[in-house]
Amino acid sequence: MSEQHSLTTWKKSTSQHGDKGTDEAKAEHRASSISIHSPSRHVSLSEAHCQSTDDEDLPTMVHGDPLTDRRSTFQAHLAPVVTLKQVKMHLQKLYQNKKIAGATHNIYAYRIYCEDKRTFIQDCEDDGETAAGGRMLHLMQILDVRNVMVVVSRWYGGIQLGPDRFKHINNCARNLLIEEGYNEPAGEVSKMPVKRKNPKNKKGK
């Protein structure tokens, strides 16, 4: 899906709000339509707890530095999570900020490790930016992070960025994960130069 098409689709979905401002309409739409699910099926809140926790004591969400390219602005937001209920609560709290709720896209991904089952509950949301959530979840898998969710807001500036938008989304997410002490990339070693022996009896060209 192209950037322009995804923006048009979003505008159509908010047209039902009548004369309300675009940002307010988006805020109401996002706050009322949060649906948290596992990759394979919807999970009820009673099933979602991997660890016992006091949901009233919600960990603080931190916000990264905004990045602007050709009038589009990207900003990452990060919060520790150990239950799907916390994921939903963080999203609800985040969308109370009308500027963030009014972003063109709020892409998010989360990974929760269940110690008792030794499995991950993980999922993502594109929010109209096709494949962006999956790319961000893949980044989190490569970094091998756990018990964390990342949201990247994008405010579209009217100029299409093409593939660069995915690079900015993942860079914002990665930078904030590293800043907050989450794991360094597992593939960092692969960036080291590898010495290869020239085959015998063959001259290099």
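**Exercises on a predicted protein chain**

The protein chain exposes about 11900 Å², and carbon and sulfur atoms supply 49% of it. Areas come from the Shrake-Rupley method with a 1.4 Å probe; for residues, only the protein chains shown count as cover. This is a predicted model: local features need pLDDT of at least 70, side-chain atom pairs count only at pLDDT 80 or more, and totals for chains, interfaces and linings use all residues. Residues are numbered from 1 along each chain as its sequence is written, and side-chain values use heavy atoms, with hydrogens and water left out.

**Exercise 1.** State the order of helices and strands in the protein chain.

Solution. Start with the counts: six helices and six strands. Helices (H or I, at least four residues) and strands (E, at least two) are DSSP runs, numbered from the N terminus.

**Exercise 2.** Determine how β6 is covered and which strands it pairs with.

Solution. Take burial first. Buried means under 20% relative accessible area, exposed over 50%, partly exposed in between (1.4 Å probe, protein chains only). Eight of the eight residues of β6 are buried. Next, sort them by direction. V148, V150, V152 and R154 point one way; M149, V151, S153 and W155 point the other way. Now the partners. Two strands pair if DSSP finds at least two bridges between them. β3 runs antiparallel to β6, with eight bridges; Q75 stands opposite S153. β4 is also antiparallel to β6, over seven bridges; here Y110 faces M149.

**Exercise 3.** Locate V150 in the largest nonpolar core.

Solution. A nonpolar core is a set of buried Ala, Val, Leu, Ile, Met, Phe, Trp, Tyr and Cys residues joined through side-chain atoms within 4.5 Å. The largest has 23 residues, and M136, V150 and L177 have the most contacts inside it. Elements giving two or more residues to this core are β3 (72-80), β4 (105-114), α5 (132-143), β6 (148-155) and α6 (164-179). Contact means heavy atoms within 4.5 Å. Beyond four places in sequence, the contacts of V150 include H77, I107, M136 and L177. Another core, of 19 residues, lies apart; L84, I100, I112 and M149 are among its members.

**Exercise 4.** Classify the ring pair of Y113 and F120.

Solution. Rings of Phe, Tyr and Trp (its six-membered ring) pair if their centres lie within 6.5 Å; planes under 30 degrees apart count as stacked, over 60 as edge-to-face and the rest as tilted. Here the centres are 5.0 Å apart and the planes at 55°, so the pair is tilted. Y113 is buried, at 13% relative accessibility. F120 is partly exposed, at 28%.
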